[in-house]
Amino acid sequence: MMLDVQGLRTGYGRIPILNGVSFSVNEGEFIGILGHNGMGKTTLLKALMGFLPATGGRVLFGHDDVTSAEPYRRARLGLGYVPQGREIFPALTVYDNLRMGCTQQAGAEDDIIATVLEEFPRLKVLLDRAGGALSGGEQQLLAIARCLCSDPRLVLLDEPTEGIQPSIIKDIGRAISYLRDKKEIAILLVEQYFDFAQELADQFAILDRGQVVASGNQAQMMDQNVRAHLTL
């Protein structure tokens, strides 16, 4: 088992957000975390990455208990993170943004970046452009590519389709499919829209008010009682 989350609790100050979340991710597995806005999805990823301290429960990554570990220690163990809103470096070029993703790698930067860019042809012609000059969709592709430069074992993706034009969403879907099928990287995708996640994920969990209220495979997610948690 690559990731084992046991009764995780966290929040902001005195406001609890996650109320005992438990699930696991196996090697090479793709899990979709679904739910409406405000149900704790982004908070979950921040807690897994160490940006929010756990107030209860445990987070095990491989053989390591990382419940109290700093974010950089989790990154060194192979936990990658693509945050909501991309958070690329706007003043740096696309190439220098990718270089930032290579800091955990021992190999030559040029070789690492060249390998990653094979799956992101749209970025090849933008290497000298400032990250802040890219469209929202191009920035999302850059954020994913930067994450891959660190050679992660598990990638946390936070709503990669939010505010993105349809043509780029297809590129994002293809890039994620490549990770799933060729790189054998485990993926935890937080997504509000079931249709996008359905095309990619093997298993699903639905968050509602900081708790997992349903989980299962694609067929099980089609149950009307389950889909009710995804309907406004």
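The structure is a predicted model, in which local features require pLDDT of at least 70, side-chain atom pairs count only at pLDDT 80 or more, and totals for chains, interfaces and linings use all residues. Residues are numbered from 1 along each chain as its sequence is written, and side-chain values use heavy atoms, with hydrogens and water left out.

The chain contains 10 helices and 10 strands, assigned as DSSP runs (helices H or I, at least four residues; strands E, at least two) and numbered from the N terminus. Its radius of gyration is 17 Å, close to the 17 Å that the globule rule gives for 232 residues, so the chain is as compact as a globular protein of that length; the radius is taken over C-alpha atoms, and the rule is 2.2 Å times the number of residues to the power 0.38. Of the 232 residues, 50% count as buried (buried, under 20% relative accessible area; exposed, over 50%; partly exposed, in between; 1.4 Å probe, protein chains only).

A search of the whole structure finds 10 salt bridges, each defined as a side-chain nitrogen of Lys or Arg within 4 Å of a carboxyl oxygen of Asp or Glu. Asp171 and Arg122 form one of these, at 2.8 Å from N to O. This pair links distant parts of the chain, with Asp171 in helix 7 (residues 166–183) and Arg122 in helix 5 (residues 121–124), 49 residues apart. Asp171 is buried at 15% relative accessibility, whereas Arg122 is partly exposed at 33%. Asp96, Arg99 and Glu109 are linked in a salt-bridge network.
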